[in-house]
Amino acid sequence: MAEIEVIQPGLFSSIQDLGRFGYQKFGVPQSGVMDRYAMRICNMILGNSQDTAVMEITMQGPELKFSASAYIYMCGADISPKLNSEVVPQKEIITIKPGDILKFGRLKRGFRAYLGIRGGFNTQEVLGSKSWYEGLTDEFRLKKGMLLEYDHSNFKDANTFSSLKIEMDYLESQNIEAYPGPEFEKLSPKQKEELFDTEFTLDQSSNRMAVQFNQELYNDLEPIITAPVVPGTVQLTPSGKLIALMRDCQTTGGYPRILQLSENGIQTISQKIPGEMIRFRKKEYPHFHK
Amino acid sequence: MPDYPKISAFGDRSFLIDFGGGIGEETLKKVLFYKNILENERIKEKVEITNTYNSLLVSYELAIEDVYGEFLRLNSLFSEAKIPKNNNYKTFNVPVCYDADFGWDLDFISVRKNLRVEEIIRLHTAPVYQIYFIGFLPGFLYLGGLDPQLQISRKKTPRKLVEKGSVGIGENQTGIYPKNSPGGWQILGRSPLKLFDKNEDLPCPFSAGDKIKFFAVSREEYDRIHKEINEGNYELKFEDHHG
């Protein structure tokens, strides 16, 4: 059996795929990778199907020991990966031999790294998804001594998109693409202006459920009747603080939904470290004629 | 086109359909009527349709490729709205034990509302509650129909732990905690039912549009039902309504 042994768990890592779909009607959060772009690159380069689960590694990497050969690829944040103490080249498929140890070092770029493995992880599936979520899956973060099974049968040369053009500039971008949210028009012209002019700092409490910001906007909006929210919904709370809901968010909420991040916006904000500054950049939907 | 329902894009992977109006059975009927139309329509991408009090969310698993085309399609479906194929619903009978062991705040409610405990139980088990939707936590039912005499404010300081199955009241809402969690509602009893079971194909027996009625059970009956549920022998009773 091919498995990864977690020697050290690092800060916060979990197995994620595209998330749970079809269970929102029972109040189940979607979950799934924060940065879908980085996951897609991993899977395309490895020749996996695009919903193959990957490991999402936050800021400080784990130490992992592989029991069998494998092909892996990393995308997203650069956390100085080392294989058996040797620096690993960027943007290349890495060949793993039995007993190899993968470690990480200093965070150089971005905030979340993705580790894909050809064939994917054979970890627990709950309600149609391998995404870990506290209370739903048995595990929700990597722990010391944990064994993660992976598919070894696919260890062969497959056609991959190794010539794929990979655009990673978003890791440095401070601009978060956002559409007007359902309650955007309730804001005054001055509030709207402030929303796009303010530099917001990511709060330390930010996690997979929500990114919170330190700055406050003037807020005189009434709460709304509990209504749908999705990953990327930016809510204006009574105190005037903004909360950008992320992949593990609840399915409904009662605060005004003033912005809605695009997938690009979600992927970009996923790569920001708490303490970093961002700005919302307004994006319009294609014009709808009635 | 009238102002409502109003269809708008909501991010790259969903549409939001706003029906206006507030919390009420009339609005819910309208929302579920359109939900039914969408569910009966074969949409080629993988789509999930969920509702709240006055909105529908149409979610796509992947980014919508042709947002404008999809918008037009939803719009035309709505403008030629037919009578929905079914508006069936179920009324579930949900056991609740209002024993003092479980009804942590019964005495408090009794004093505050000047109602005897038996009267509180009678008022709580009398209505047929409407399930508007499920949200907040997996298996948490948003119910309408609480008797105004039982409306009571939340606890000033939420409890750190409210046990799974606890039945509570917060303002004009009543509901059941589907799992152990912090909570500020006034607790009047506990149901032995599992509101959410991740190991079942259908993890929650209830759907938006169904109704529930609470019935009081003794502590002994609670224990018996609890045991039957754990052994997989309990049959949740419901009546079918064909609209």
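What follows is a chat of questions and answers about this predicted model.

Colleague: Let's start with chain A. How many Å separate the centres of domain 1 and domain 2 of chain A?
Modeller: Chain A is assigned two domains, with domain 1 covering 3–169 and domain 2 covering 173–282. Taking the centres of domain 1 and domain 2 of chain A over C-alpha atoms, the separation is 28 Å.

Colleague: And which element gives the most to the side of domain 1 of chain A that touches domain 2 of chain A?
Modeller: The contact draws on 19 residues from domain 1 of chain A and 15 residues from domain 2 of chain A. On the domain 1 side, α1 (36–46), β5 (70–78) and β10 (109–117) of chain A each supply at least two residues. That side holds seven nonpolar, eight polar and four charged residues. The top contributor there, with three residues, is β10(A).

Colleague: Now chain B: which helix gives the most to the side of domain 1 of chain B that touches domain 2 of chain B?
Modeller: Here the assignment gives domain 1 (6–79) and domain 2 (89–241), and the C-alpha centres of these two domains of chain B lie 30 Å apart. Seven residues from domain 1 of chain B and seven residues from domain 2 of chain B take part in the contact. On the domain 1 side, the element that gives the most, with three residues, is helix α1 (residues 25–40) of chain B.

Colleague: How do the two chains meet, and which elements give two or more residues to the side of chain A that touches chain B?
Modeller: In this contact, 32 residues of chain A meet 37 residues of chain B. The chain A side divides into 18 nonpolar, eleven polar and three charged residues. The elements giving two or more residues to that side are β15 (227–228) and β19 (257–261) of chain A.

Colleague: What about the open sheet in chain A: which are its edge strands?
Modeller: Six strands make up this open sheet, in the order β7-β6-β9-β4-β1-β11 (chain A), with antiparallel pairing. Within the sheet, strand β1 (residues 3–8) and strand β4 (residues 63–66) of chain A share four bridges, and Gln8(A) stands opposite Glu63(A). The edge strands, each pairing on one side only, are β7 (86–87) and β11 (147–149) of chain A.

Colleague: Which residues touch the most other members of the largest nonpolar core?
Modeller: As background, nonpolar side chains tend to be buried together in soluble globular proteins. The largest nonpolar core here has 127 residues. Take Cys42(A): leaving out residues up to four places away in sequence, it touches Val54(A), Tyr73(A), Cys75(A), Tyr114(A) and Gly116(A). The members that touch the most others are Cys42(A), Tyr114(A), Leu115(A) and Ala244(A).

Colleague: Is Ser163(A) buried or exposed?
Modeller: Ser163(A) sits in the loop between β11 and β12 of chain A. In sequence Ser163(A) and Ile45(A) are 118 residues apart, while their C-alpha atoms are 8.5 Å apart in space. Because Ser163(A) has 6 other C-beta atoms within 10 Å, and 12 or fewer is the cut-off, it counts as exposed.

Colleague: Where is Asn114(B) found, and is it buried or exposed?
Modeller: Most residues other than glycine have a negative phi. Asn114(B) has a positive one, near 55°, and lies in the loop between α3 (106–113) and α4 (117–125) of chain B. With 9 other C-beta atoms within 10 Å, Asn114(B) is exposed.

Technical notes:
Residues numbered from 1 in each chain as written. Chains lettered and ligands numbered in written order. Predicted model: local features only at pLDDT ≥ 70, side-chain atom pairs only at ≥ 80, totals over all residues. Domains from an automatic or database assignment. Contact = placed C-beta atoms within 7 Å. Nonpolar A, V, L, I, M, F, W, Y, C, P; charged D, E, K, R; others polar. Core = buried A, V, L, I, M, F, W, Y, C linked by C-beta atoms within 7 Å. Buried ≥ 20, exposed ≤ 12 C-beta atoms within 10 Å, placed from the backbone. Pairing = 2+ DSSP bridges.
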